[in-house]
Amino acid sequence: MNYPDIFKRNNHSIFVPMISFHYRDLFKLILENGENLDKDLEILRKEMKIATNQQYDDSHFVVSNIYGDIFRFMIIGKPYSCLSIWNMTDFGIGKAIITNNREEAEKNLNDVKKRMEIYTEGKIHCSGCDSIEDYNHIKSHRWFAGIYCDSCWETKYKAIEAKENYS
Ligand SMILES: [Zn+2]
């Protein structure tokens, strides 16, 4: 693919491409094309890497919610068993367990959809106790992909995080 040289450095592109799905389309794919979806997404990722001359293997798959906000996602398991969603700075937003029981899978996907919506509204679920918290208030209470309410942070994760950083 030929695109202007101003978008390249050391012969690789300097921009990060993304493959974006509307949540409705992604959920439909998960429910109806289950068996091969992870393989098909991998084909898409490799094609995009070649087409845009990317150096790294990041997938950059994103899903948009009803408000147009985008989130990173990954489908894990073979054929797959879990849809994981993060915000763009890699805080975990939620996971939907996908089983062969369609009703259960739909319920879990709907729960993740709600979690993406409350994130747009400035709130997030605590990764420890699942309480709904103000994102700006707790965004510094972070350990790996988790984000914690005052209580979980003070009683447990603050000490764990400090030990990781300074020991
Ligand atoms: Zn908590």
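This is a predicted model: local features need pLDDT of at least 70, side-chain atom pairs count only at pLDDT 80 or more; totals for chains, interfaces and linings use all residues.
Now the helix just mentioned. How far apart are the end C-alpha atoms of α2? Helix α2 covers residues 37-51, and at 1.5 Å a residue its 15 residues should span 21 Å; the end C-alpha atoms are 21 Å apart, so the two agree.

Next, the sheet. It is an open one, built from five strands in the order β3-β4-β5-β6-β7, with mixed pairing. At its edges sit β3 (19-22) and β7, each pairing on one side only. On average, neighbouring strands here are turned by 30° against each other, direction ignored.

Let's look at one pair of strands. β6, residues 82-86, and β7 pair in the antiparallel sense over five bridges. If you want a place to look, find leucine 83, standing opposite alanine 96 in β7.

Which helices go with these strands? Helix α3 packs on the sheet, where it touches β5 (70-76), β6 and β7, and its direction makes about 170° with that of β7. Helix α1, residues 23-32, lies across β3, β4 (61-64) and β6, and runs at about 90° to β3.

Finally, let's zoom out. The domain assignment gives domain 1 (5-121) and domain 2 (122-167), and their C-alpha centres lie 24 Å apart. Nine residues from domain 1 and ten from domain 2 make the contact. On the domain 1 side, β7 (92-97) and α3 (102-120) are the elements giving two or more residues, and α3 gives the most, with three. That side divides into four nonpolar, two polar and three charged residues.

Terms used: Residues are numbered from 1 along each chain as its sequence is written. Domain bounds come from an automatic or database domain assignment. Two residues are in contact if their C-beta atoms, placed from the backbone, lie within 7 Å. Helices (H or I, at least four residues) and strands (E, at least two) are DSSP runs, numbered from the N terminus. Ala, Val, Leu, Ile, Met, Phe, Trp, Tyr, Cys and Pro count as nonpolar, Asp, Glu, Lys and Arg as charged, and the others, Gly among them, as polar. The expected span of a helix is 1.5 Å times one less than its number of residues. Two strands pair if DSSP finds at least two bridges between them. Axes are lines fitted to C-alpha atoms, for helices over the stretch in contact, and angles run from 0 to 180 degrees between N-to-C directions.
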